[in-house]
Amino acid sequence: MEDEYYYDVVVVGGGNAGLCAAQAALDLGASVAVLEKAPRDERGGNSALTGHMRFPYENVDELAVLIDDPNPDDLAVIHDRLPRRGKEDLWDEVIRTTAGKADKDLLTTHVENAYPTIKWLRGKGHAWVPNIAATAGNTTQMAGRGYRLQERHFGNVEKSGGQIHYEASMTDIIVNRRGEVDGVRAFTPEGFTTFRAKAVILACGGFEANPEMRAKYLGAGWDTVKNRGVPYNTGDGINAALAIGAMPYGSFTSCHASPQDIDRPAYTLPSSVPNGGMRTSRYAYPYSIMVNLEGERFVDEGSDVRGRTYAKMGWSVRAQTGGVAYQLFDSKARGLGLLEDYDRNNATGVTAATLDELATKIGVPAEKLRATVTQYNAAIQPGKLDPSPFTLDGKHTSGLAIDKSNYSISIEEGPFEAYGVCCAITFTFGGLRVDAKTAQVQHTAGRPIPGLYTAGEMLGGLWHGNYPSGSGMMAGAVFGRIAGEHAARSAAAPA
Ligand SMILES: Cc1cc2nc3c(=O)[nH]c(=O)nc-3n(C[C@H](O)[C@H](O)[C@H](O)COP(=O)(O)OP(=O)(O)OC[C@H]3O[C@@H](n4cnc5c(N)ncnc54)[C@H](O)[C@@H]3O)c2cc1C
């Protein structure tokens with residue numbers, strides 16, 4: 001006989017979405033278990049590797065209440081850069097980045113609940129700090145980044161009586177004769193274990209760590225890309241749910257993939273980032289020109305602010321010879337403080353006094369590189385450069401095969417610098433269809449699956465092709481909390 005446990009609610013996956021769900025269910029008095037595939041030392045999921053959440057705020061005072069001992073100088077910088085992000089701005093950003101494909105019901109829930117959920121998290125002891133970096137994606141980030149957020153989440157869940165089962169890898173969803181979810185099976189170091197539950201919340205991530213599924217859905221060649229995240233999100237929840245008839249939803253053929261250090265490791269473990277870690281994102285590209293191994297530009301690096309382009313920029317890099325590119329800067333980038341993050345995080349790059357020397361160092365034809373840079377410099381139009389991470393400066397080029405729309409800084413004063421980047425996947429967008437108000441998973445038959453909920457990367461329909469930075473963690477918290485509340489209520493309802 002397999003070991004059996006009994007709970008009101010079983011949450012599969014101990015990331016931000018799962019732990020928000022667990023906390024919300026515990027708050028309503030449910031008995032809750034969290035099954036986590038990783039060992040305790042590597043707990044936290046992709047959520048532990050993150051920095052920020054994107055949410056609307058009416059004014060900087062609404063940010064100040066989230067910050068312990070806010071520094072007025074930092075708040076003044078935020079006020080200068082982005083004094084307000086209205087709900088309508090958040091809505092527009094998602095519509096814009098997803099080319100209008102985001103599910104409007106899901107987006108309404110996301111936008112309406114984002115700030116209230118931030119306040120809920122604040123009430124649970126979470127805090128934010130100002131983010132005033134030159135290449136910031138958001139105006140604030142979580143205190144201690146995602147790693148500490150996750151540590152606080154785990155502490156809160158345990159204090160509230162939740163039980164965490166580590167190295168418990170969910171394999172199947174158990175359904176009874178009436179089609180109601182009755183629990184899950186998990187593979188543990190002791191063998192298979194059954195976790196009976198009145199409601200199950202799947203929050204075990206997408207399929208970004210599964211090369212077979214990446215190739216199947218994203219296409220040829222995606223099996224070999226590097227993974228920015230943890231090696232555990234192998235699509236188990238999606239597969240188990242599809243096996244009981246759950247409705248797949250959203251974009252299975254696109255994903256979040258961004259420019260990363262050319263020498264980054266194949267994946268990232270949470271234990272490598274407890275104090276911020278060595279970050280491998282290379283997001284100063286809007287202020288650079290990016291060239292491929294042929295020495296040619298291949299994308300409008302400044303088509304929008306980096307927080308609205310980086311999640312699709314990995315696709316452009318991956319399409320180049322060898323799946324690599326180089327970000328080129330001249331000495332002005334340093335003067336503007338645009339490379340501080342690269343210095344702090346030991347970015348793989350080369351410096352040279354001349355463009356020809358730079359070309360030799362990165363293995364690009366010198367004549368071609370010189371021509372690309374000369375044409376680019378000549379095409380820059382008059383206008384004021386303002387390398388703000390939140391507003392477009394309109395400093396553009398004109399007449400190039402691929403023009404640059406903003407942040408066009410000439411490349412003429414040595415020393416020149418080039419940073420090598422590859423594409424790495426962050427997370428997948430395809431997932432399960434849910435009711436936007438309850439996060440309950442829908443069956444292909446058009447009815448909800450009794451007792452089954454989902455949140456986080458597994459929830460399909462919000463992101464397509466691209467997304468605004470900080471949205472994954474925010475959506476995970478919003479829908480995780482909703483899933484937890486509804487699962488607890490359904491578990492408490494008379495059978
Ligand atoms: C390097 C990096 C930086 C990022 N930065 C940001 C950011 O700053 N802001 C932002 O909004 N988003 C960011 N993201 C995206 C963000 O991480 C995700 O959108 C978010 O964490 C998803 O939360 P989740 O709870 O769904 O998944 P996760 O946090 O990945 O949690 C899923 C959990 O499920 C577990 N699991 C998997 N399979 C099973 C199974 N079969 N049984 C049991 N457990 C299982 C995993 O081990 C994992 O702990 C970043 C991602 C990466 C990789």
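**Entry 1: terms and model**

Contact, as I use it here, means heavy atoms within 4.5 Å. I am working from a predicted model, in which local features need pLDDT of at least 70 and side-chain atom pairs count only at pLDDT 80 or more, while totals for chains, interfaces and linings use all residues. Residues are numbered from 1 along each chain as its sequence is written, and side-chain values use heavy atoms, with hydrogens and water left out.

**Entry 2: helix α12**

I looked up helix α12, residues 355-362. Helices (H or I, at least four residues) and strands (E, at least two) are DSSP runs, numbered from the N terminus. Which residues of α12 are buried? I noted L355, L358, A359 and I362. Seen down the axis of α12, these buried residues fall within an arc of 100°, so they line one face of the helix. The arc is taken from the directions from the helix axis to the C-beta atoms. As a general point, an α-helix has 3.6 residues a turn, so residues three or four places apart point the same way.

For "buried" I use under 20% relative accessible area; exposed is over 50%, and partly exposed is in between (1.4 Å probe, protein chains only).

I then checked what the buried residues of α12 pack against: β13 (324-329), β14 (349-352), α13 (366-379) and β15 (416-428). After α12 comes G363, with a positive phi near 75°.

**Entry 3: domains**

I took the domain bounds from an automatic or database domain assignment. This gives domain 1 (3-254 + 429-492) and domain 2 (256-424). Over C-alpha atoms, the centres of domain 1 and domain 2 are 31 Å apart. The contact between them takes 44 residues from domain 1 and 43 residues from domain 2.

**Entry 4: nonpolar cores**

A nonpolar core is a set of buried Ala, Val, Leu, Ile, Met, Phe, Trp, Tyr and Cys residues joined through side-chain atoms within 4.5 Å. How many residues are in the largest nonpolar core? I found 117, and those with the most contacts inside this core are V9, V10, M53, F55, I173, V184 and L202. Helix α14 (residues 471-492) supplies the largest share of this core, eleven residues. Domain 1 and domain 2 each give the core at least three residues.

Leaving aside neighbours within four places in sequence, F55 is in contact with L63, L66, R85, L90, A114, Y115, I118, W128, T140 and M474.

**Entry 5: around the ligand**

Of the 37 residues around the ligand, E36, S47, H52, D236 and M473 come nearest.

I also looked up polar contacts, which are pairs of N or O atoms within 3.5 Å; within protein, one must be able to donate a hydrogen and the other to accept it, and residues adjacent in sequence count only if both atoms are side-chain atoms. A polar side-chain atom of S47 is 2.5 Å from an oxygen atom of the ligand. For N233, a polar side-chain atom lies 2.8 Å from a ligand oxygen atom. M473 uses a backbone N or O atom, 2.8 Å from an oxygen atom of the ligand.

**Entry 6: single residues**

T193 is in strand β8 (residues 191-202). At 5% relative accessibility, T193 counts as buried. The side chains of T193 and T188 are joined by a polar contact of 3.5 Å.

P211 is in helix α7 (residues 211-218). Its relative accessible area is 39%, so I list P211 as partly exposed. P211 and D223 are twelve residues apart in sequence, and their C-alpha atoms are 4.2 Å apart in space.

F298 sits in the loop between β12 (289-291) and α9 (310-318). Is F298 buried or exposed? F298 is buried, because its relative accessible area is 15%. Not counting residues up to four places away in sequence, F298 touches M290, V291, N292, S316, V317, Q320, A325 and I402.

**Entry 7: backbone angles**

A cis peptide bond, with omega about 0°, joins G414 and P415. P415 lies in the loop between α13 and β15.

Y407 is not a glycine, yet has a positive phi of about 55°. I found Y407 in the loop between α13 and β15, and Y407 is buried at a relative accessible area of 0%.

A439, also a residue other than glycine, has a positive phi near 65°. A439 lies in the loop between β16 (431-432) and β17 (440-442). With a relative accessible area of 0%, A439 is buried.

Notes:
A residue is near a molecule or strand if one of its heavy atoms lies within 4 Å of it.
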